[in-house]
2 protein chains.
Amino acid sequence: MAQETQFRIWPEELKEFCTRVFVALGVPERDAYITADVLVAADLRGVDSHGVARLKRYVDGIRTGMMRVDAKPRVVHETPTTATIDADGGLGQPPSYRAMEMAIAKAEKLGAGFVAVRNSNHYGIAGYYAMMALDKDMIGISTTNADVLVVPTFGRNAMFGTNPIAVAAPAGKERPFVLDMATSVVPRGKLEVYDRLGKPMPDGWATDETGVGTTDATRVLRNFATRAGGGLLPLGGEGELHSGHKGYGLALLVDILSAVLPGAAYADLVYPKTPDGKPLPANIGHFFGALRIDGFRPVHEFKADMDELITRIKNSPKAQGADRIYIHGEKEFEKQAEREANGIPLHEKVVATLRQIAVELNVPFSG
Amino acid sequence: MAQETQFRIWPEELKEFCTRVFVALGVPERDAYITADVLVAADLRGVDSHGVARLKRYVDGIRTGMMRVDAKPRVVHETPTTATIDADGGLGQPPSYRAMEMAIAKAEKLGAGFVAVRNSNHYGIAGYYAMMALDKDMIGISTTNADVLVVPTFGRNAMFGTNPIAVAAPAGKERPFVLDMATSVVPRGKLEVYDRLGKPMPDGWATDETGVGTTDATRVLRNFATRAGGGLLPLGGEGELHSGHKGYGLALLVDILSAVLPGAAYADLVYPKTPDGKPLPANIGHFFGALRIDGFRPVHEFKADMDELITRIKNSPKAQGADRIYIHGEKEFEKQAEREANGIPLHEKVVATLRQIAVELNVPFSG
């Protein structure tokens with residue numbers, strides 16, 4: 001991304017714009033705000049692939065009826081510590097936000113709360129929901145299944161999404177631990193970079209249509225488009241030599257928690273289409289959890305140990321050639337501080353897309 | 001392991017022997033039985049490194065006072081869905097078994113239960129405890145921290161154990177999903193194989209004393225002994241190219257859940273020694289969880305979808321050169337069936353060690 005003449009926009013302004021876009025499309029105001037907040041949180045934290053660069057896909061999803069603006073999410077099953085929400089094919093963010101709120105409320109009462117969501121759509125960054133638990137002195141959990149890109153170990157075809165796992169735990173003086181990881185080696189976006197550059201990508205990221213490792217990113221992306229086979233490798237890479245079966249196991253675990261548990265579509269059954277190729281609601285699922293820290297020990301003790309654990313790791317000797325050890329979430333918190341101070345940089349192509357959406361929906365946009 | 005003339009022993013016989021060994025050392029009968037059951041379960045499932053090959057280490061641990069036979073584990077904190085147990089420096093298996101029983105009992109009442117354990121010792125295979133939830137139609141979770149072997153991304157020194165994560169979920173006609181994975185690329189035992197063979201090990205498994213990747217297994221093992229630096233790499237390998245920071249994040253997550261949450265030792269503070277080098281109780285910690293499936297949807301629906309998910313993945317096309325896709329736990333269930341039918345094969349060195357223990361403690365052994 002070119003830095004020198006880059007367009008920057010204030011987070012609140014971008015959030016306001018996205019909210020108005022969703023409202024113009026018929027999304028209820030509160031749902032529009034939540035969805036905008038999740039999108040802009042991704043941009044703030046530097047996860048640009050999940051921010052407003054994706055707005056057009058949401059707009060298209062709503063226009064094609066894949067994401068229903070009149071969705072009426074409802075709780076279909078509930079116990080004191082658990083619940084399942086049917087999202088009714090609407091946007092993924094609003095029912096996810098409420099599911100995490102519910103998990104937290106249940107944990108406030110009884111120590112632990114878990115809520116799964118079915119019949120949903122893309123919910124943005126997994127970490128957003130896990131982090132909602134931090135202020136409550138809880139550990140937050142969030143997982144989701146997703147569009148099919150990842151092959152199981154020894155399999156030829158993609159059977160999983162990048163199926164992220166996010167877990168957030170508070171610290172005291174230190175920043176919280178926020179793990180937010182796809183269970184594939186890399187996301188699809190990394191292949192797109194090598195495709196644009198026309199350069200071979202590293203070994204161990206993806207397989208070709210025969211299911212064998214390749215460094216040809218263009219080929220893998222073309223195979224995605226034609227469903228010819230192959231895909232991203234699970235964390236640990238190809239076969240079992242570097243334990244690719246572990247990443248595959250984590251992807252499968254996420255499918256079980258996010259999809260089988262609430263009764264959503266799983267494996268490659270997500271994002272179905274009509275016989276004539278029209279996209280149907282994705283029917284993906286999510287899983288959210290909250291666990292009270294004071295259910296195990298006093299919060300101040302936990303936080304003091306978290307601080308000491310974090311500084312102990314960060315201050316430990318560095319590998320030759322390295323000058324810093326990071327804690328998970330740290331890079332994103334630093335990015336957020338920089339972008340809150342200077343605005344969110346947007347790629348010119350993204351700005352052009354937002355401008356077009358603004359014109360089409362008659363929503364003001366400063367870009 | 002040589003197959004042709006290998007010694008085999010029936011599981012019940014081996015369990016009886018181990019129980020008697022622990023009783024001879026002063027462990028209460030019921031605790032001795034639980035510990036023996038966890039050890040033999042590892043041998044049955046083919047995780048030989050965690051079975052009776054390890055018995056001598058337990059015997060030594062008890063003799064040196066590192067594992068106290070007079071430990072009085074007690075619940076130090078409890079809520080309706082959570083608890084913390086102080087294991088009082090005894091064997092790890094008995095309080096772990098009771099912690100998982102407690103988590104299950106809490107889940108039976110309220111839908112979810114989580115119990116963490118501090119001041120504990122090596123607890124055997126993580127999967128054993130997660131699998132205790134299966135018969136109850138629950139999802140079971142088990143994690144533990146462990147002796148320090150794994151480096152953080154960009155770090156020179158080992159700061160974590162292989163910190164396994166185990167999650168078990170029941171199916172219907174199919175075998176359950178049992179993920180039981182170290183969060184390192186490989187266990188130490190794999191390096192020992194290359195050390196014995198005197199051959200270079202694969203890239204991406206471990207780092208040398210400067211924190212840089214090496215294929216010299218002997219050097220890495222020597223560095224462990226002298227605490228010279230380096231160690232096993234987290235799942236995903238060296239640096240961030242193949243997302244080693246994700247494996248590092250999982251290892252850190254396990255330390256937070258298993259150690260910081262109950263107040264055990266974390267990072268490289270586990271397995272402390274006196275100033276004159278005498279081992280002290282390890283003070284490692286564990287984390288156990290149980291989640292009722294019918295807190296989310298009817299069990300028969302969940303199991304039907306699990307069956308369909310499992311067969312769908314297994315029946316999907318295979319990568320060129322592969323003929324089978326495995327579900328996690330499948331290899332171990334097959335191994336268990338074979339060993340239940342034919343007995344557990346033991347390496348001659350292991351048999352010799354057991355024989356020596358038998359003589360020393362005056363416990364009958366058929367080997």
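Reply: Two strands pair if DSSP finds at least two bridges between them, and helices (H or I, at least four residues) and strands (E, at least two) are DSSP runs numbered from the N terminus. This is a predicted model, in which local features need pLDDT of at least 70 and side-chain atom pairs count only at pLDDT 80 or more, while totals for chains, interfaces and linings use all residues. Residues are numbered from 1 along each chain as its sequence is written, with chains lettered from A and ligands numbered from 1 in the order in which they are written.

Me: Where should I look to see which residues face each other, and which residue stands opposite A:Thr207?

Reply: Strands of a sheet pair through backbone hydrogen bonds, either parallel or antiparallel. In chain A, an open sheet of three strands with antiparallel pairing has the order β9-β8-β10, and its edge strands, β9 (213–214) and β10 (231–232), each pair on one side only. Strand β8 (residues 206–207) of chain A is joined to β10(A) by two bridges, the two strands running antiparallel, and here A:Thr207 stands opposite A:Gly231 of β10(A).

Me: What is the order of the strands in the open sheet of seven strands in chain B?

Reply: In chain B that order is β2-β3-β4-β11-β5-β6-β7, and the pairing is mixed. The edges are taken by β2 (74–78) and β7 of chain B, each of which has a single partner strand, so one side of each is left without a neighbour in the sheet. From one strand to the next, the twist averages 15°. At the β7 end, β6(B) and β7(B) pair in the antiparallel sense over five bridges, with B:Ile165 opposite B:Met181 in β7(B). In chain A, strand β6 (residues 165–169) and β7(A) likewise pair in the antiparallel sense over five bridges, and A:Ala169 has A:Phe177 of β7(A) as its bridge partner.

Me: Which strands of chain B does helix α4 touch as it packs on the sheet?

Reply: Axes are lines fitted to C-alpha atoms, for helices over the stretch in contact, with angles from 0 to 180 degrees between N-to-C directions, and two residues are in contact if their C-beta atoms, placed from the backbone, lie within 7 Å. Helix α4 (residues 93–110) of chain B touches β3, β4, β5 (138–144) and β11 (284–292) of chain B, and its direction makes about 160° with that of β4(B). By contrast, α8(B) lies across β4, β5, β6 and β11 of chain B, running at about 90° to β11(B).

Me: And how do I read two helices, for instance at what angle do the axes of α2 and α4 of chain A cross?

Reply: The axes of helix α2 (residues 29–44) and helix α4 (residues 93–110) of chain A cross at roughly 85° and come within 8 Å. Where these helices meet, α2(A) brings A:Asp31, A:Ile34, A:Thr35 and A:Val38 to A:Gln93, A:Pro94 and A:Tyr97 of α4(A).

Me: What rotation superposes chain B on chain A?

Reply: Copies are superposed by least squares on the C-alpha atoms of residues with pLDDT of at least 70 in both. Chain B is superposed on chain A (RMSD 0.0 Å) by a rotation of 180° with 0.0 Å of shift along its axis, and the two copies are thus related as by a two-fold rotation axis. Among the residues of chain B, B:Gly236 comes closest to that rotation axis, its C-alpha at 2.5 Å.

Me: How many residues of chain B are in contact with chain A?

Reply: In chain B, 69 residues are in contact with 69 residues of chain A. The side of chain B that touches chain A draws at least two residues from each of β3 (82–86), β4 (112–120), β6 (165–169), β7 (177–181), α8 (244–260) and α9 (299–314) of chain B. The same surface serves both copies, since 100% of the contact residues of chain B recur in chain A.
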